[in-house]
Every structure is written in C-alpha cells, then in structure tokens.
Amino acid sequence: MTDPSRKRSRIAAAAAMAVCLLTALAALGGVGVAQSAISSAQGAYGKKVTVCHKGKKTISIAKSAWPAHQRHGDTLGTCSSAAAKAAKAKKAKAAKAAKIKAAKAEAAKAKAEKAKAERAEKKQDKNPEPGDNPGKGHGKGKGGKP
C-alpha cells in the first residue's frame, strides 16, 4: 500500500491549492459583484450627467434632474468647459461684430465716393468749357460779318 505520510501530503497540497483557487475566484468575483452593484444603482436612479451649477461648481446629477437645472441656468459639462465655451462664443460674437462694422464702413466709403463723383459731374454740367457747347455766339462763324 501507500505510505500514510505521502497520502497526507497529497491531501494537504490539494487543500492548499483549493484554498488559493477559491481566494482568487472570490477576489475576481467580488470585483464583478461590485461593478454590477454600481450598474444596478445607476439603473435604479438613471444615468448621471455632469453640469456646471450656477456657473461656479461642477456637480453630477441624475439625468432626470437636468431639465430643472437647465431652467435656472445650469449648463452641461464641467464649469471649466462651460467657461471655455462662453469665451469662444464671446470671441466669435466680437469677430462677427467687427466684420459687420468693417462692411458698414466700406459701404459708407463707397457711398461717399459715389456722391462726390455725382457732385463733380453736376458741377461740370453747370460750367461747361468754352467751345464745348455750340450755339449762338458772338464769334466768327460761317456767314458772319468779318
């Protein structure tokens, strides 16, 4: 038969291996259970969204609470992203205003030049150059007295 000490060492090795496997599986299973607990909590309360609350503090709220926060001026995203978005919008608005101002100045300049040209043309029509307007004059012409 087999030696009893050898049989005991095999049993002890098998028990040690079982304990190690159970410990590893419990640790990995625990992580899975924790993740599923988080998922079920989110399912129960709805997914969360990040908002900039009153332009001062970044908070996470339930998705269902977003409409109420939006009504009093909160914005989606972090406060730093909201500030960057606002700065970008302000810069775009200033650029648009500058473009409109430049277009108006250009139109005013063109209008002034057109008015100036019309005045010069009228002035020229009122004071024609001598010899430009043939008609009855006192000069020597055909059939006139020398």
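Let me begin inside the sheet: Thr50 has Ser60 in E2 as its bridge partner. Please keep in mind throughout that the model on the screen is predicted.

Around that pair, E1 and E2 run antiparallel and are joined by six bridges. Helix H3 packs on the sheet and touches E1, E2 and E3. The direction of H3 makes about 60° with that of E1. As a reminder, strands of a sheet pair through backbone hydrogen bonds, either parallel or antiparallel.

What is the strand order of the sheet? The sheet is open, has three strands in the order E2-E1-E3, and its pairing is antiparallel. E2 and E3, the latter covering 75-76, are the edge strands, each pairing on one side only.

Lys54 belongs to the loop between E1 and E2, the latter strand spanning 57-62. Its backbone deserves a remark: Lys54 has a positive phi of about 55°, although this residue is not a glycine. Is Lys54 buried or exposed? Lys54 has a relative accessible area of 58%, and since exposed means over 50%, the residue counts as exposed.

Now to the cysteines. Cys52 stands opposite Thr58 in E2, and Cys52 also forms a disulfide with Cys79. The two sulfur atoms are 2.2 Å apart. Which parts of the chain does this pair link? Cys52 is in strand E1, residues 48-53, whereas Cys79 is in helix H3, residues 79-126. The pair thus links distant parts of the chain, 27 residues apart. Under the distance rule applied here, the count comes to one disulfide.

Why is this disulfide called right-handed? The torsion about the S-S bond of Cys52 and Cys79 is about 100°, so the disulfide is right-handed. As for burial, the cut-off is under 20% relative accessible area. Cys52, at 4%, is therefore buried. Cys79, at 14%, is therefore buried too.

Another residue I would like to show is His69. His69 is placed in helix H2, residues 66-71. With a relative accessible area of 15%, His69 is buried. Which residues does His69 touch, not counting those up to four places away in sequence? They are His53, Ile59, Ile61 and Asp74.

Let me close with the chain as a whole. How many helices and strands does the chain have? There are three helices and three strands. Reading from the N terminus, the elements run α-β-β-α-β-α. Buried residues make up 6% of the 146 residues in the chain. Among contacts between residues at least 6 apart in sequence, 25% join residues at least 24 apart. The accessible surface of the chain comes to about 13200 Å². Carbon and sulfur atoms account for 62% of that surface.

Thank you for your attention.

Conventions
Residues numbered from 1 in each chain as written. Predicted model: local features only at pLDDT ≥ 70, side-chain atom pairs only at ≥ 80, totals over all residues. Heavy atoms only, no water. Disulfide = S-S within 2.5 Å. Helix = DSSP H or I, 4+ residues; strand = E, 2+ residues; numbered from the N terminus. Buried < 20%, exposed > 50% of the residue type's maximum accessible area, 1.4 Å probe, protein only. Pairing = 2+ DSSP bridges. Contact = heavy atoms within 4.5 Å. Axes fitted to C-alpha atoms, helices over the stretch in contact; angles between N-to-C directions. Areas by Shrake-Rupley, 256 points an atom, 1.4 Å probe, with all protein chains shown as cover.
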